[in-house]
Structure formats: C-alpha cells, structure tokens
Amino acid sequence: MQETRREQMIGLLTEGSWTLDSLAKYFDVTSKIIEDDLSHIEKSIKKTHSLKQIPPYCEGCGFVFKNRSRLQRPSRCPECKRERVTEGTIELVLKS
Ligand SMILES: [Zn+2]
C-alpha cells in the first residue's frame, strides 16, 4: 500500500528539518497544502512527537520573526532592512 503524503512527511520530518518551501517542492504541492498537512500531523502525532518550528531570523542583526504563524520566509528584516533572512524550518522531535 502506498504511503499517504502525510505519512511520508512524518518520515521525512523525523529524520531531519525541512523548510516549508522544500517540502512543497518535494511533494509538488503548494505551501498552503503543506501547512494544512502539518496542522493535521501535529494533532495526530502529539502523543509521541512534537512539531518543532524554528522561526525565520535575520542573519544581519539576529532579529527573530517570532510572531509569524506561517513559515514562509519574510523578504526583508524590519529592523535592519537587509535581505539576509533565513527560512523557518520544521522537524518532528520524539518526546522523551
Ligand atoms: Zn536584521
């Protein structure tokens, strides 16, 4: 039986961290669909794993985009106006 996209995603995210864009490219779907899947995954695995999101941050001044609920990369930093902003990443961590 073929694994569903969400099952595959759980596998990928337990092995390493991914950006929203890289997951969207991997599965050839929009990032909106990935965000949707992630919210379902978070619920279905919450007993054993937690979904860890590293927010985007500015490499220029260290500003962290904490208040963004979406993981898409902001185009520039509101503090220093530079465009060296990293993408937020997602991974699944096993609860101890
Ligand atoms: Zn900055």
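In this predicted model, Lys95 touches Lys46, Lys47, Thr48, His49 and Ser50, leaving aside residues up to four places away in sequence. Lys95 itself is found in the segment after β3. With a relative accessibility of 44%, Lys95 counts as partly exposed, because that category lies between the 20% limit for buried residues and the 50% limit for exposed ones. Separation in sequence and separation in space can also be stated for this residue: Lys95 and Ser75 are 20 residues apart in sequence, and their C-alpha atoms lie 33 Å apart in space.

## The chain as a whole

The chain contains 3 helices and 3 strands. Read from the N terminus, these elements follow the order α-β-α-α-β-β. The C-alpha trace spans about 50 × 35 × 20 Å along its principal axes. Of the 96 residues in the chain, 30% are buried. Contacts between residues at least 6 apart in sequence were also examined, and 56% of them join residues at least 24 apart.

## Packing of the helices

Two packed helices are described by the angle between their axes and the distance between the axes. The table gives these values for two helix pairs.

| Helix pair | Angle between axes | Distance between axes |
|---|---|---|
| α1 (residues 5–15) and α3 (residues 31–44) | about 80 degrees | 10 Å |
| α2 (residues 20–27) and α3 | about 105 degrees | 9 Å |

How are α1 and α3 oriented to each other? They are roughly perpendicular, because angles of 65 to 115 degrees fall into that class. On the side of α1, the contact is made by Arg5, Arg6, Met9, Ile10 and Leu13. On the side of α3, Ile33, Ile34, Asp36, Asp37, Leu38, His40 and Ile41 take part. The residues of this contact divide into 7 nonpolar, 1 polar and 4 charged.

For the second pair, α2 packs against α3 at an angle of about 105 degrees, which makes α2 roughly perpendicular to α3. Helix α2 contributes Leu20, Leu23, Ala24 and Phe27 to the contact, while α3 contributes Ser31, Ile34, Glu35 and Leu38. Here the residues comprise 6 nonpolar, 1 polar and 1 charged.

## The zinc site

Which residues coordinate the zinc ion? The SG atoms of Cys58, Cys61, Cys77 and Cys80 do so, at 2.3 to 2.4 Å. The angles among the 4 donor atoms run from 106 to 115 degrees, and the site is tetrahedral. This class applies because four donors count as tetrahedral if all angles lie between 85 and 135 degrees. Along the chain, the donors follow the spacing C-x2-C-x15-C-x2-C. Cys61 and Cys80 form a pair that links distant parts of the chain: they are 19 residues apart, and each is in the loop between β2 (49–54) and β3 (89–94). Cys61 is partly exposed, with a relative accessible area of 40%. Cys80 also counts as partly exposed, at 24% relative accessibility.

## Two residues with positive phi

Asp28 is not a glycine, yet it has a positive phi of about 55 degrees. This residue is found in the loop between α2 and α3. Is Asp28 buried or exposed? At 70% relative accessibility, Asp28 counts as exposed, because the limit for that category is over 50%.

Lys81, likewise not a glycine, has a positive phi of about 65 degrees. Lys81 lies in the loop between β2 and β3.

How values were computed: Residues are numbered from 1 along each chain as its sequence is written. This is a predicted model: local features need pLDDT of at least 70, side-chain atom pairs count only at pLDDT 80 or more; totals for chains, interfaces and linings use all residues. Side-chain values use heavy atoms; hydrogens and water are left out. Donors are N, O and S atoms within 2.8 Å of the metal (3.2 Å for Na, K and Ca); water is not among the atoms, so sites may look incomplete. Four donors count as tetrahedral if all angles lie between 85 and 135 degrees; four count as square planar and six as octahedral if opposite donors are over 155 degrees apart and all others between 65 and 115; anything else is irregular. Helices (H or I, at least four residues) and strands (E, at least two) are DSSP runs, numbered from the N terminus. Buried means under 20% relative accessible area, exposed over 50%, partly exposed in between (1.4 Å probe, protein chains only). Axes are lines fitted to C-alpha atoms, for helices over the stretch in contact, and angles run from 0 to 180 degrees between N-to-C directions. Angles under 35 degrees count as roughly parallel, over 145 as roughly antiparallel, 65 to 115 as roughly perpendicular and the rest as oblique. Contact means heavy atoms within 4.5 Å. Ala, Val, Leu, Ile, Met, Phe, Trp, Tyr, Cys and Pro count as nonpolar, Asp, Glu, Lys and Arg as charged, and the others, Gly among them, as polar.
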